[in-house]
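Please examine the model shown below, beginning with the chain as a whole and then turning to individual elements and residues.

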Amino acid sequence: MNIRAMVMASALAVASLQVEAARPIDDIVAVVGDDVILRSELNKALQSFPRPAGVSAQQHQEQVLEKLISARAQQLAVEKSGVKVTEAEIDEAVAMIAAQNDITVEFLKEVLQRQGQDYGAFRKNIEKQLLQRNFQRKMLSSVVPVSYTHLRAHETSSMIAYAVFCLKRGGGG
């Protein structure tokens with residue numbers, strides 16, 4: 001290759017890099033506390049929530065963005081509260097879900113795998129639910145006296161309903 005061709009190739013390479021650098025990698029669509037929601041997160045959520053009939057694309061996008069903002073605000077509140085969940089609590093919840101479906105934890109793992117769901121993601125989703133539950137307990141305990149038995153019964157029915165829903169729709173969360 002001669003010098004002129006090398007200079008031309010270098011100039012084209014630099015020009016294409018400048019064009020790429022001018023294009024944003026991801027847009028910020030919302031700011032929640034000290035966190036942001038990116039366009040890519042919104043796009044992924046839009047794929048997960050089909051647009052209902054009679055709802056414009058713009059309305060659907062706004063509704064999904066509101067859900068993301070609400071979820072992120074709750075997540076930040078949970079993190080700020082210092083509420084924790086142990087592995088034992090997650091194991092207990094998974095065992096309870098399996099028992100309520102009259103299956104073993106091992107069979108639950110197999111079902112999730114057959115449905116293309118990652119068991120780790122399933123556990124992560126359970127952890128999020130437990131964190132939310134513990135956060136709600138913490139907030140409620142300072143306001144309304146509620147018995148442990150009542151909370152345990154509510155939590156059990158909620159987790160079972162969610163797990164059955166996930167298994168029926170072929171998802172893990």
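**From the whole chain to single residues**

The protein chain has an accessible surface of about 11,900 Å², and carbon and sulfur atoms account for 59% of that surface. The model is a predicted one. Of the 173 residues in the protein chain, 25% count as buried. Among contacts with a separation of 6 or more, 60% are between residues 24 or more positions apart.

The secondary structure of the protein chain consists of seven helices and two strands. Followed along the sequence, these elements give the pattern α-β-β-α-α-α-α-α-α.

Alanine 30 belongs to strand S1, which covers residues 28–32. Is alanine 30 buried or exposed? Its relative accessibility is 10%, and a residue under 20% is classed as buried, so alanine 30 counts as buried. Apart from neighbours within four places in sequence, the residues in contact with alanine 30 are Asp35, Val36, Ile37, Leu65 and Ile69.

The next subject is a pair of helices. In general, the packing of two helices is described by the angle between their axes together with the distance between those axes. For helix H3 (residues 57–81) and helix H6 (residues 119–141), the angle is about 65° and the axes are 10 Å apart. Angles of 65 to 115 degrees count as roughly perpendicular, and H3 and H6 are therefore roughly perpendicular to each other. The crossing in which H3 passes H6 is left-handed. Which residues make the contact? H3 contributes Gln74, Ala77, Val78 and Ser81, and H6 contributes Leu131, Gln132, Phe135 and Lys138. Sorted by class, the residues in the contact of H3 with H6 comprise four nonpolar, three polar and one charged.

Leucine 131, a residue of helix H6, deserves a separate look. With neighbours within four places in sequence set aside, leucine 131 is in contact with Val78, Val83, Lys84 and Val85. A further distance concerns glycine 82: the C-alpha atoms of leucine 131 and glycine 82 are separated by 9.8 Å, and the two residues lie 49 residues apart along the chain.

Helix H4 (residues 87–100) contains alanine 98. With a relative accessible area of 1%, alanine 98 falls under the 20% limit and is therefore buried. Beyond the neighbours within four places in sequence, alanine 98 is in contact with Ile103, Thr104, Val105 and Leu108. Between alanine 98 and leucine 108 there are 6.3 Å in space, C-alpha to C-alpha, and the two are 10 residues apart in sequence.

What is the relative accessibility of aspartate 102? The value is 73%, and a residue over 50% is classed as exposed, so aspartate 102 counts as exposed. Most residues other than glycine have a negative phi. Aspartate 102, although not a glycine, has a positive phi of about 55°.

Technical notes
Residues numbered from 1 in each chain as written. Predicted model: local features only at pLDDT ≥ 70, side-chain atom pairs only at ≥ 80, totals over all residues. Heavy atoms only, no water. Axes fitted to C-alpha atoms, helices over the stretch in contact; angles between N-to-C directions. Helix = DSSP H or I, 4+ residues; strand = E, 2+ residues; numbered from the N terminus. Parallel < 35°, antiparallel > 145°, perpendicular 65-115°, else oblique. Left-handed = near helix turned anticlockwise from the far one by under 90°. Contact = heavy atoms within 4.5 Å. Nonpolar A, V, L, I, M, F, W, Y, C, P; charged D, E, K, R; others polar. Buried < 20%, exposed > 50% of the residue type's maximum accessible area, 1.4 Å probe, protein only. Areas by Shrake-Rupley, 256 points an atom, 1.4 Å probe, with all protein chains shown as cover.
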